[in-house]
Amino acid sequence: MNKYFDYAASTPVSFEVIEAMEAWLRESFANPSAAHVEAENASNAIQVARESIAERIGSMPSEVIFTSGASEANNMAIKGIAFSHLNDKGHIITSSIEHKCIINTCAFLESIGFEVTYLEPEHTGLITTESVAAAIREDTLLITIHHVNNELGCIQPIAEIGDLAFSSDIPFHTDSAQGFCKLDIDVDDMNIDMLSLSGHKIFGPKGIGALYVRNARDSELVPLIHGGGQELGLRGGTSPTPLIVGLGAAVDHFPTTPSQQHSYFERVIERYNYKRNGGDNVVPTIWNVTFKDDAEVQRFTSEQAWLISQGSACNALSNMPSHVLTAIGLSDDEARRTYRVSLPPFHVKG
Ligand SMILES: *Cc1c(COP(=O)(O)O)cnc(C)c1O
């Protein structure tokens, strides 16, 4: 059995995606913004991918803005709103268990005069709608709460938070790198104004993702990358046709059933003494487990040479306990005994 159990950190590129990309790498390399027939072909292929993504989230194709990944999409959403309030500044609501690219973007905005509330989760990792409601201020510019937690697998009540944001007239952004394609999403039903997604978390290539922006054509988002007017002027740079086509193919071919690795994992993990973190409302493909004691960790790591993360991949190189595990109340000692096993993602029917 394949020993790779770190799909929340990255997935391989599927066969169908490579197939779809190939011609755009080898043959049809024209700049999609140029004014000739090869360019028009590329531009059409990009439009097809945009439609696939839009269909998955219930948006218009014109509301999907391609970026280099979810990190850029998150930066674009948060800084894009903040930079349109550079003079008057204001307040942002997020949580203490967001991905580091959101935490660090918010910390940067604090350093230039914005105020940020980092909501603490329940011990399960849940961010309650009540806590968001209590944090809203007169000058709140944005609520940004992730969809599925990348370390715990817990699913946040984004439809409820979206409803609250809508009735409070505050834009709502969600980082859905771990939710897109895996769970049903409808940006209208869920009152989501911006949503970030990433290619390499869904068997697509690295270096591509997107930000859904409600009414993107009339959006006041300030671009991070000014350029030649690509992506409605919201994100400059020559559109990477192969990567975009790959992202579209990844959406079209996203698995709808668990892989064999899943049943294998469930059989093996039952041999150990652990508790699963993240509460009851978790995705089936992310397991955050704390082993009972050091001896149990020893037994597990010596018997199973799995490629997994302690905390998340982003923390693996530092010796600090993950900020997410600390936030749900684990001691440093418990955090050291905690591992994230992540299985090949698939679409879970709502
Ligand atoms: C992987 C991930 C990101 C970063 O995505 P990139 O496309 O690698 O920039 C952001 N947020 C979450 C929740 C993720 O899992």
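Predicted model: local features only at pLDDT ≥ 70, side-chain atom pairs only at ≥ 80, totals over all residues.

Lys275 stands opposite Thr290 in strand β9.

What about the side chains of β9? In a regular strand, side chains alternate between the two faces of the sheet. In β9, Ile286, Asn288 and Thr290 point one way, while Trp287, Val289 and Phe291 point the other way. Are these residues buried or exposed? All of them are buried. Buried here means under 20% relative accessible area. Because 6 of the 6 residues in β9 (residues 286–291) are buried, the strand is largely enclosed by the rest of the structure.

Now turn to the ligand. Among the residues that surround the ligand are Gly69, Ala70, His99, Asn150, Asp175 and Lys201. By class, this shell holds 2 nonpolar, 7 polar and 2 charged residues.

Which distances separate the ligand from the side chains of Ser71, Gln178 and His200? An N or O atom in the side chain of Ser71 is 2.7 Å from an oxygen atom of the ligand. For Gln178, a polar side-chain atom lies 2.7 Å from a ligand oxygen atom. A polar side-chain atom of His200 is likewise 2.7 Å from an oxygen atom of the ligand. On its own the ligand has 390 Å² of accessible area, and the protein covers 87% of that.

Conventions
Residues numbered from 1 in each chain as written. Heavy atoms only, no water. Buried < 20%, exposed > 50% of the residue type's maximum accessible area, 1.4 Å probe, protein only. Helix = DSSP H or I, 4+ residues; strand = E, 2+ residues; numbered from the N terminus. Pairing = 2+ DSSP bridges. Near = heavy atom within 4 Å. Polar contact = N/O pair within 3.5 Å; in protein donor to acceptor, adjacent residues only side chain to side chain. Areas by Shrake-Rupley, 256 points an atom, 1.4 Å probe, with all protein chains shown as cover. Nonpolar A, V, L, I, M, F, W, Y, C, P; charged D, E, K, R; others polar.
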